[in-house]
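Reader: I have a new model open and would like to learn how to read it. Could you walk me through a few features?

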Amino acid sequence: MRETRDYAVAFADIASSTAIYRELGDAAARELTQAYCSRVIALLPRFEGRLVKTLGDGVMCIFPDPERAVLAMSALHAEIASQPLGGHQISLHSGLNYGSVILEGTDVYGTIVNVAAYLAATARSEQILTTHAVVSQLSPPTASCARAIYSTKLKGDERESTIYEIIWQTDRAGITDLNLGRRALPPDEGALLVSLGDDPVRVDPTRARIQLGRDPSNELSVVDQLASRNHATIEFENLNFRLIDHSANGTFVAFDGSPGEVHVLRGETALYGSGRISLGRSLSDAEAQPITFRRDKRALFRV
């Protein structure tokens, strides 16, 4: 059953999660993520919040009003900053928005959700970003913790919108002062569609990391002895996509509209526009199995 209702939507993601996975390995990093989600679940009842879903290294929550959403995210950031998870110090970056959302079962979606996800993706480590729709509904004491910091065009609105930062730190000595005037945030450019055959895999905040390689357990698997079992990853962070090679023979990337190809060996390259990827052999090789990629500028979540 579908219904429409006003909610505050919050996304809170672990910052620099790709580096954590590289440092700790997949199993330990997943345990760290699970411990983080447990912290969120334990905190939410204090603010009448509900966990909608976990998204890779982050969470999506809803609250009955902006006041409780801001207080909850501030408390979460403070708790994570002061209490390491399993001996590991992490930080968060979060996005908040408020307005009419679509409820279907336990899921929540719509433009309000898209904007909250975008703000979480653009926020720096330890930063909470939000909209005028949230700040205008806050009590005076809570609103005093908000400062206008960016401008951007949000999905579904051609006008320039003001983006606010919520200052959750009690000690503000380490907070950077701002120059006069607001800076423009980069636009939401959507997801990356990666395909081997007819079924594309979508990389976005709901699936921020995919693995490519010879092993059938990978999201995209090629049958080629020149490809390593776990050959490369494609990762999403701060609205950007990058390919990271872990292989013996390297990864070859060709961008549409650019001559030649890039050979990435134990390094990384940004993925932009559209193009092709080959694991372990040049794209000019007759036996290459090209993996295609392209940016999809539709909303991050269904609307």
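Reader: How many bridges join strand β19 to strand β20?

Author: First, a word on the source: this is a predicted model, where local features need pLDDT of at least 70 and side-chain atom pairs count only at pLDDT 80 or more, while totals for chains, interfaces and linings use all residues. Residues are numbered from 1 along each chain as its sequence is written, and side-chain values use heavy atoms, with hydrogens and water left out. Strands of a sheet pair through backbone hydrogen bonds, either parallel or antiparallel. Here, β19 (residues 274-279) and β20 (residues 291-296) run antiparallel and are joined by four bridges. Strands are DSSP runs (E, at least two residues) and helices likewise (H or I, at least four), numbered from the N terminus; two strands pair if DSSP finds at least two bridges between them.

Reader: Which residue of β20 is the bridge partner of Gly275?

Author: That is Phe293.

Reader: What is the order of the strands in the open sheet?

Author: Six strands follow the order β11-β10-β20-β19-β16-β17, with antiparallel pairing. The edges are β11 (200-203) and β17 (262-264); each has a single partner strand, so one side of each has no neighbour in the sheet.

Reader: Now the loops. Is Arg281 buried or exposed?

Author: Burial is read from relative accessible area (buried under 20%, exposed over 50%, partly exposed in between, with a 1.4 Å probe and protein chains only). Arg281 sits in the loop between β19 and β20 and is buried, at 11%. Its side chain makes a polar contact with the side chain of Asp224 at 2.8 Å. A polar contact is a pair of N or O atoms within 3.5 Å; within protein, one must be able to donate a hydrogen and the other to accept it, and residues adjacent in sequence count only if both atoms are side-chain atoms.

Reader: Where does Arg266 lie, and what is its phi?

Author: Arg266 lies in the loop between β17 and β18 (268-270). Its phi is positive, about 55 degrees, although Arg266 is not a glycine. At 60% relative accessibility, Arg266 is exposed.

Reader: And which residue has a phi near 70 degrees?

Author: Glu126, another residue other than glycine with a positive value. Glu126 is in the loop between α4 (111-122) and β6 (128-131), and is partly exposed at 37%.
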